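Good morning, and thank you for making time for this presentation. I would ask you to keep the sequence and the structure in view while I speak.

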Amino acid sequence: MSEQKTGQQPKNNNWLAPVVLLAIIAASAWYLLKPEPEPAPKPVTAVAPPVAETAPAPVKEPEDVLSATEEPVDEISAQAADAGVDGQTLPAEQEVVPLPSLPALDESDALVQQELLKLNWKPGLAALFVNEEMIRRFVVQVDNIAQGQLVPQQGIFKGLKQDFKVVKNGAQYQLDSANYARYNLYLDLLESAPKEQVVTLFNQLYPLMQSAYQELGYPEQQFRDRVQQAIKVLLAAPEVADSPMLVLDSVQYSFADAELEQLGLAAKQMIRLGQKNQQRLKLLLAAYQPLLAKR
């Protein structure tokens with residue numbers, strides 16, 4: 001599991017960042033390309049033809065489309081019925097607020113931070129986000145998680161404040177269950193914002209993410225697909241009993257179970273969350289997965 005000994009280990013929670021912006025962020029193309037709703041058509045007022053004072057010759061009138069054998073077609077009511085609001089008063093027209101134009105990727109941090117802070121996060125927790133190179137950091141982490149790996153140097157969250165702890169068990173070491181509480185604030189953050197807000201922001205910023213993804217050497221691929229791959233990797237992480245046994249190699253702790261130690265870094269980080277926290281995160285990812293897949 002490659003965790004350094006207490007006092008020397010890096011405080012690494014950066015792997016959770018993609019999860020936030022997995023949720024903050026995987027359906028922009030769909031959002032930006034979907035057609036704007038058309039305003040309801042105004043009812044046409046039939047104008048009675050003027051009554052001629054004199055009629056020197058009979059004139060054939062236009063065919064009466066509202067004959068006695070047909071009921072008038074109310075287009076607005078028909079549209080309301082299709083929308084599932086038959087018999088209800090339609091809401092008044094609302095002004096469409098245009099989305100802010102996106103800056104260049106190199107100049108995007110200010111906009112990303114501004115829009116990110118507009119979401120209804122749990123008070124005080126949004127300060128956990130790193131506010132430099134936000135789009136690139138997120139894209140790099142998602143790309144690596146999709147491959148089962150992590151890049152600690154590209155964290156999206158600020159580091160953990162508590163040290164990694166172990167329990168001595170005879171000649172062996174055991175992961176201290178107290179470590180799991182270190183991740184509570186980050187999970188609280190991820191769970192706090194309404195999903196529709198997160199998906200909307202993801203859609204809004206998707207062109208920037210796609211640009212950053214192309215920088216990594218994927219000119220013909222969609223970042224949205226990479227997000228789905230990353231979610232699947234995290235959902236597939238094994239759930240093991242809390243407090244697994246560890247071995248100490250020099251200044252690093254590793255899983256004593258060889259099968260666990262052979263897992264990718266992303267899966268091992270999921271194990272380090274603890275069972276309860278891992279289940280919380282998997283429920284969140286499963287909820288976002290179909291929402292972020294929309295195009």
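I begin with a term: two strands are said to pair if DSSP finds at least two bridges between them. With that in place, please look at Asn-169, which stands opposite Gln-172 in S3. What you see is a predicted model, and I shall come to its confidence before the end.

Let me follow the strands. Strand S2, residues 166-169, and strand S3, residues 172-175, pair in the antiparallel sense, with four bridges between them. Two residues lie between the strands in this hairpin, and one feature there is Gly-170, with a positive phi near 65°.

Which strand does S3 join through two bridges? The partner is S4, and the two run antiparallel. Here Tyr-173 stands opposite Leu-246 in S4. Leu-246 also has a bridge partner in S5, namely Phe-255. Strand S4, residues 245-249, and strand S5, residues 252-255, form an antiparallel pair over four bridges.

The hairpin of S4 and S5 likewise deserves attention at its turn. Two residues separate the strands, and Ser-250 takes a positive phi near 60°, in a residue other than glycine.

Glu-133 is found in the loop between helix H4 (109-116) and helix H5 (134-146). With a relative accessibility of 38%, Glu-133 counts as partly exposed.

Another loop residue is Gln-221, placed between helix H7 (195-215) and H8. Gln-221 is partly exposed, its relative accessible area being 41%. Leaving aside residues up to four places away in sequence, Gln-221 touches Gln-210 and Tyr-213. Gln-210 and Gln-221 are eleven residues apart in sequence, and their C-alpha atoms are 8.8 Å apart in space.

I turn now to helix H10, residues 265-272. Why may we call H10 largely enclosed by the rest of the structure? Because seven of its eight residues are buried, where buried means under 20% relative accessible area. The buried residues include the charged side chains Lys-268 and Arg-272, as well as Ala-266, Ala-267, Gln-269, Met-270 and Ile-271. After H10 comes Gly-274, with a positive phi near 95°.

Finally, the confidence of the prediction. The chain has a mean pLDDT of 78, and 66% of its residues reach 70 or more. Which elements mark the two ends of the range in mean pLDDT? Helix H2, residues 28-33, has the lowest value, 34, while helix H8, residues 223-235, has the highest, 98.

Two stretches call for a remark. Over residues 23-91, pLDDT stays under 50, and the model has 66 contacts beyond four places in sequence for them. Over residues 6-11, pLDDT also stays under 50, and there the model has 16 such contacts. Thank you for your attention.

Key
Residues are numbered from 1 along each chain as its sequence is written. This is a predicted model: local features need pLDDT of at least 70, side-chain atom pairs count only at pLDDT 80 or more; totals for chains, interfaces and linings use all residues. Side-chain values use heavy atoms; hydrogens and water are left out. pLDDT is the predictor's confidence in each residue, from 0 to 100. Contact means heavy atoms within 4.5 Å. Buried means under 20% relative accessible area, exposed over 50%, partly exposed in between (1.4 Å probe, protein chains only).
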